Each structure stands twice: as structure tokens, then as C-alpha cells.
Amino acid sequence: MSAEATQDVEAYASRALAELEAVRDQKALEAWYRAHLSPSGTITTLRKRIGSLPPEERKPFGARVNTAANTLKDAFERQKQVVENLELERAIRREAVDVTLPSRPLPTGGLHPITAAIREIERVFNAMGFETFESPHAELDELNFELLNMPPAHPARDMQDTFYISECAVLRTHTSPGQIHAMRKYAPGPLRVILPGRCYRHEQVTPRSEMQFHQVEGLMVGPRVRLSDLKGVLLAFARQVFGKNQQIRLRGSYFPFTEPSVEADIRCTLCGGEGCRVCKHTGWLEIAGAGLVHPTVLRNGGYDPSVVRGIAFGMGVERAFMLLHGITDIRHFFQNDLRFLRQFR
Ligand code: DAH
């Protein structure tokens, strides 16, 4: 306790105020409080002095000390606010996020290559007036086989190993039963539909065969539909998807639901027709089974085969995709290993 403080309380107070104004952080603020306003601070010491003064000086001196104490207390409360704001600003600056920093890339999803391929095929056929038509994965045996001209004992049923769900219901072994659904919706009017979808066969899973795969079926029915329409449609498709100089070749074949039946080939996309391992040195790749819709099938769909004719085709999506990209194991499509899938994004 300096003698000076006792003599000039006001001078002391104004110096303490000046000191307080310079305080900028919590630690300095606490130190200031200890020095001036705490029980061990100057104000307390001044108060203790009052009793040792001559009685007539006690009251005026006490009043001066009280005034100084109140001034310092008020100033302290104000400075406390100032310091709190400063500390807050510092904290905000310290914890600030740099929004200009480039972020880590998030992994993005993409379409499965088969989905993308089907969409591409759909786009091309939609542009030619073929409407996308969905049909069920679970079918009656009747639609999957019988109405497509494959009666129970028909030998063509052996071509397709079937998952039976019940005595009379199967997982569709091909997209062709969708033809019946589409014809029953549109008959006797003309129709042009494309039927993409997943099919199922009770096959041993090997690099060459899966128990599930995708087909895209096409069907066009009308009074003037001819085999040359089939060739034209397939050629237009091949040129858009496989290259503008593509060619189409139709070879005679057999399917119970078409007559005549053909298999459609395109020029080998890898060797351009020169002959290579992929096309087994023929220069051609098979892309679809096709034909003129069998009169019995037209009738089953609700049409009069003496009035309209139809063309139909069906292609295996995985098979074609594998040929185009040199993939040797069909199982990759269903294992969802991202290292495989990412290559086609
Ligand atoms: N449904 C046949 C299959 O799965 C493919 C097929 C061949 C579909 C000829 C057709 C067609 O529409 O006309 O092997």
C-alpha cells in the first residue's frame, strides 16, 4: 500500500482505470482484478486504512474510497464485456474453416454397365417409334412357353432350363412372353414395342453362363410389316450402336415362335470383318434371334394372321457387351466388384 494511494485516492483510481483499458485478454483481466478489487487488492487495503485515521478524516476519506471502488467496479464490468468479445473473436478466427480449400472427392455412383447398355438400346429403338413395354419377371408357363408355340412336350423347351415357381408359374426364361402381353394390349391395332428385362435360367454358373441375364425383345405388328422391315430396323440399330458403316446379315434358323426364323449378325466390331479370334474367323458376330412372328403366336396375341404380320427379335445384352469389350467371364456383371464396374463409367 503506497502512501500516495492514501493521499490521492483519485489519482490512484485514474491510473488503475488507464491500466484496465489496456487489458486485452482474460488472464490480464484477472490479474487486474486481483490487484485492485479482490480482498487482497488496493481498494481493500484503502478501506482497512480508514479505521487508523483521525476520526474527523474517516468519513470523507471513506467516501472517496467508495467512489473510487464503484468507478473501478463499473469499469471492470465494462472491460469484462470487451475482453469477452475479443476472446470470442479470437476463438472464431482460430476455429475458422477455410472454405476455399478444395474438398476431398466423394465417391459417386453410376449406372451398372448393363443398365446403361439397355438404356442406350432403348433410346435407339424409342427414336424409331418402339415404345418401351415392361412385362413381369414371374410368368405363367402358358405365356412363357405355350402361347409362344411351345406346347408342354415341345422339344424346344429343352433349350431353356427353367426355374419353376409352382406347377404352372416360372421365372421367365426369355423376354418373349412380353410379346403376348403387348399384343393383348394393342390388338387388333398396329404395335411397335421394345421389351428390355432380366431373364432367368436354371444354368450351372460358369464364365459363359449365368442363371440371370438380360434380353431386349422387339416386336412390330401391322398390316404391311415384312421381313425387310426386320432387316431395316436391325440395320438402323446396328449403325447407331456399332458404327455407321455396319452391315447386317440374316441366317436361317429355328425358333418355335417365328416362321421363318433367322439369326442376325453384324460385322465383327473388333476386326471389322477381317476375321479374328472373337468372331471365330467368320468376320461376323451374332446379335439377335429374329423372324416373322408365327401365325399361331399372332393368333394367341389376339390378331388375325391373314390381316397382319409381325416381326420380332430378341438379343442377349450381356453376350453382346462381352464381345464388344473383350470380357471373358459373364459372372462379373452380377458380382458388383467396383473395380470391374468402374471401367465402364
Ligand atoms: N426368345 C429367344 C431366346 O431367348 C430369342 C428370340 C429369338 C426372340 C427369336 C425373338 C425371336 O423375338 O424372334 O433365345
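## Asparagine 336 and the basis of the model

Asparagine 336 is placed in the loop between helix 12 (332-335) and helix 13 (338-341). Helices (H or I, at least four residues) and strands (E, at least two) are DSSP runs, numbered from the N terminus. At 45% relative accessibility, asparagine 336 counts as partly exposed; buried means under 20% relative accessible area, exposed means over 50%, and partly exposed lies in between (1.4 Å probe, protein chains only). Its phi is near 55°, a positive value in a residue other than glycine.

The model is predicted: local features need pLDDT of at least 70, side-chain atom pairs count only at pLDDT 80 or more, and totals for chains, interfaces and linings use all residues. Residues are numbered from 1 along each chain as its sequence is written, and side-chain values use heavy atoms, with hydrogens and water left out.

## The chain as a whole

The protein chain contains 13 helices and 9 strands. Its radius of gyration is 45 Å, well over the 20 Å that the globule rule gives for 345 residues, so the chain is more spread out than a compact globule. The radius of gyration is taken over C-alpha atoms, and the globule rule is 2.2 Å times the number of residues to the power 0.38.

Along the principal axes, the C-alpha atoms of the protein chain fill a box of roughly 135 × 45 × 40 Å. Of the 345 residues in the chain, 42% are buried.

## Helix 6

Helix 6 covers residues 113-127, and at 1.5 Å a residue its 15 residues should span 21 Å; the end C-alpha atoms are 21 Å apart, which agrees. The expected span of a helix is 1.5 Å times one less than its number of residues.

The buried residues of helix 6 are Pro113, Ile114, Ala117, Ile118, Ile121, Glu122, Val124 and Phe125. Just after this helix, glycine 129 takes a positive phi of about 95°.

## The surroundings of the ligand

There are 16 residues around the ligand, of which His174, Ser176, Arg201, Gln215 and Glu217 come nearest; a residue is near a molecule or strand if one of its heavy atoms lies within 4 Å of it. The residues of this shell divide into 5 nonpolar, 9 polar and 2 charged. In this division, Ala, Val, Leu, Ile, Met, Phe, Trp, Tyr, Cys and Pro count as nonpolar, Asp, Glu, Lys and Arg as charged, and the others, Gly among them, as polar. Strand 5 (212-222), strand 8 (284-293) and strand 9 (309-316) each supply at least two residues of the shell.

A polar side-chain atom of histidine 174 lies 2.9 Å from a nitrogen atom of the ligand. For serine 176, an N or O atom in the side chain is 2.9 Å from a nitrogen atom of the ligand. For arginine 201, an N or O atom in the side chain is 3.0 Å from an oxygen atom of the ligand. The protein covers 91% of the 360 Å² of accessible area that the ligand has on its own; accessible areas come from the Shrake-Rupley method with a 1.4 Å probe, and for residues only the protein chains shown count as cover.

## Buried residues with polar side chains

Glutamine 215 is found in strand 5 and is buried, with a relative accessible area of 12%. A polar atom of its side chain lies 2.9 Å from the backbone nitrogen of threonine 175.

Threonine 173 is found in the loop between strand 3 (169-171) and helix 8 (177-186). Threonine 173 is buried, with a relative accessible area of 0%. Its side chain makes a polar contact with the side chain of asparagine 144 (2.9 Å). A polar contact is a pair of N or O atoms within 3.5 Å; within protein, one must be able to donate a hydrogen and the other to accept it, and residues adjacent in sequence count only if both atoms are side-chain atoms.

## Backbone features

Most residues other than glycine have a negative phi, and most peptide bonds are trans. The peptide bond from alanine 187 to proline 188 is cis, with omega near 5°, and proline 188 lies in the loop between helix 8 and strand 4 (191-200). The peptide bond from glutamate 259 to proline 260 is also cis, with omega near 0°; proline 260 is in strand 7 (residues 258-267).

Lysine 280 has a positive phi of about 50° although it is not a glycine. This lysine 280 is in the loop between strand 7 and strand 8 and is exposed, with a relative accessible area of 65%.
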